[in-house]
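Visitor: I am new to this structure. Could you please take me through it?

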Amino acid sequence: MSDPLSKAATATEIARAVSTGKVKVSAVIDAALARIEAAEPTVNAFTDIVAGRARKRAAEIDAGKHIGPLSGVPFAVKNLFDIEGLPTRAGSKINADGPRAARDGALIRKLEAAGAILLGGLNMGEYAYDFTGENIHYGPSRNPHDPGCMTGGSSGGSGAAVAAGEVPLALGSDTNGSIRVPSSLCGLFGLKPTYGRLSRAGSFPFVDAFDHLGPLARSTKDLALSFDAMQGWDPDDPVCTDRIAEPTLAGLDEGIGGLRIAVAGDYFAKGGEPECFDAVATVAKALGATKTVVLPQAAAARAAAYVITAMEGAQLHLPRLKSRPQDFDPDTRERFMAGALLPGVWYVKAQRFRRQFRAKVLKLFDEVDIVLAPATPRSAPKLGQTMMMVDGVELPVRANLGIYTQPISFIGLPVVAVPTRKPGAMPIGVQVIARPYNEAAALRVSAYLEKAGVCVSTPA
């Protein structure tokens, strides 16, 4: 077990140390705040730190209040989550001038009800329209494994904070891949749950059709522990399912017996660098997965996701585009403006295709329980890099780090991103994809891979 005051400590280890009286919560929080102060000049993960609030809550837990499965665990959230008393930045300059949140977002409240302690808000790509982790207003988040490289985005601060050991747990959002991409590039475990499984209330939206919220951590147990605490219907989010909570933590050690595991072929077996396919092959071998399946028309799904993203995002931001165009990142502004000009019939066709694609993919899960696919087409590019060579083709970085994640969030499937890393190389992740509401199976696979030493996350 790691020292609960060290950057290597997981959320599970900290909660256990607190519950057994091995360590005071106040000491845990002071140690985390000291790590943040030391690391921030390099990683630039935080935009807001709520030290006073955190210390007050730590003292209350030490006095016997707020006891739960996450007692004393420090966490932070992407700054599109409402944090009481702070403006909800959503990575933008414009929102920073807006009203202060009247209360915390729903998932912050659920984690704190389980005993966790919020330390602050995290950097992100402007309005979540980003795969790089770079932000023109607040500076880029930097990859702790190589500060000259990208974290991935748009949950770049979430990836940087956990990978640097500033906090053991962070929340991000995933519309087209924004949890899975930074998990891959920063060497973390990340969970994008089923669409509608976790409440999005109290978070700034991007694309209602695709928006998910979920955790990033350095262990599968931490994902399960936090996911279990955050489950449950919320009337404040109209798409949040009223499905009863289905705890996953207790089943992590069941192994992979009985699970039918396959590898995604065709679209997911091309268009990337060898390192991403090597990562999938390594994971598949460890799981004994030899079957290949094809997600039909995955390339068309990605294109349709682009149309819906551009059009919904543009409609959301039209008032800001009209009143404060100069205060947008020029790249973000151009994409939103282009989305505003797309014909409405494209949106209708994209949504119609979405229903058809979902039906076809769900039929695959009559034959398999888990599908493996690359998380990103390559490991982390350099900061400021705008173009990258992928499979012999030069492509824009920002638009193409999510080529393998977009078709999956397009239909709301649950995914656990698991990290792999070869000696001397940067991390790169693999997607463990399950049928809707079967997060438990994906987490079981992740736990098996972690226990076998195939997928391990250590702070930089």
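Guide: Let us begin with a term: the radius of gyration is taken over C-alpha atoms, and the globule rule is 2.2 Å times the number of residues to the power 0.38. This is a predicted model, in which local features need pLDDT of at least 70, side-chain atom pairs count only at pLDDT 80 or more, and totals for chains, interfaces and linings use all residues. Residues are numbered from 1 along each chain as its sequence is written, and side-chain values use heavy atoms, with hydrogens and water left out.

Visitor: What radius of gyration does the protein have?
Guide: The protein has 20 Å, which agrees with a compact globule, because the rule gives a value near 23 Å for 460 residues.

Visitor: And how many of the 460 residues count as buried?
Guide: Buried residues make up 62% of the 460; the term means under 20% relative accessible area, with a 1.4 Å probe and protein chains only.

Visitor: Now to Ser92: buried or exposed?
Guide: Ser92 counts as buried because its relative accessibility is 1%.

Visitor: Which residues does Ser92 touch?
Guide: Leaving aside residues up to four places away in sequence, Ser92 touches Glu126, Tyr127, His137 and Tyr138. Contact here means heavy atoms within 4.5 Å.

Visitor: Which of those side chains joins Ser92 in a polar contact?
Guide: The side chain of Tyr127 does, at 3.3 Å. A polar contact is a pair of N or O atoms within 3.5 Å; within protein, one must be able to donate a hydrogen and the other to accept it, and residues adjacent in sequence count only if both atoms are side-chain atoms.

Conventions. Buried < 20%, exposed > 50% of the residue type's maximum accessible area, 1.4 Å probe, protein only.
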